[in-house]
Amino acid sequence: MKSVTVSCCGPKPEKSSRGKEMDIPGQIQKELEEMGGFDALAGRVPPQAELEGKSRIFHALSDPLRLTILYLIRDQPLCVCVINRFMRLAGSKLSYHLNVLKESGLIEGEYHGNWIIYSITDTGRRCTGDLS
């Protein structure tokens, strides 16, 4: 049994009579050619490392608890005890969410004796500014 890959453009043809590799809707083909073709389209996609960084940020922003934490520390750095007094989460759950935010570069934690004070980074500030 032969497998056929199907996309929005139908099954992938071997090669059409006009020498095109795939059958694309006319308007899409025209606009694609105007922008410079597939190579130009591929050139608009950021490098893999940048995509991975953005993916981490979007993942961190996808949870309402993490967004709440960002808004809490947007205007003032806070210690875990103050964040948790507002959030009312189990310590391990709060720690997990703070870690996701730190790994994505949205917040940073600085030790002050026995306390860790969390503050928003420039990246985190830009993200919360976009959400207001």
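Lys 54 forms a salt bridge with Glu 50, their closest N and O atoms lying 4.0 Å apart, where a salt bridge is a side-chain nitrogen of Lys or Arg within 4 Å of a carboxyl oxygen of Asp or Glu. The structure is a predicted model, in which local features need pLDDT of at least 70 and side-chain atom pairs count only at pLDDT 80 or more, while totals for chains, interfaces and linings use all residues. Residues are numbered from 1 along each chain as its sequence is written, and side-chain values use heavy atoms, with hydrogens and water left out.

Both Lys 54 and Glu 50 belong to helix H3 (residues 48–61), four residues apart, or about one turn of the helix; helices (H or I, at least four residues) and strands (E, at least two) are DSSP runs numbered from the N terminus. Lys 54 counts as partly exposed because its relative accessibility is 39%, on a scale where buried means under 20% relative accessible area, exposed over 50%, and partly exposed in between (1.4 Å probe, protein chains only). A search of the whole structure finds two salt bridges, and Glu 34 forms one with Lys 30, the closest N and O atoms being 3.7 Å apart.

The protein chain as a whole has seven helices and five strands, which follow the pattern β-β-α-α-α-α-β-α-α-β-β-α along the sequence. Of its 132 residues, 25% are buried.

Two packed helices are described by the angle between their axes and the distance between the axes. Helix H4 (residues 64–74) and helix H6 (residues 91–103) pack at about 75 degrees with their axes 10 Å apart, the axes being lines fitted to C-alpha atoms over the stretch in contact and the angles running from 0 to 180 degrees between N-to-C directions. H4 and H6 are therefore roughly perpendicular, a term covering 65 to 115 degrees, with angles under 35 counted as roughly parallel, over 145 as roughly antiparallel and the rest as oblique.

Met 22, in the loop between strand S2 (10–11) and helix H1 (26–35), is partly exposed at 35% relative accessibility.
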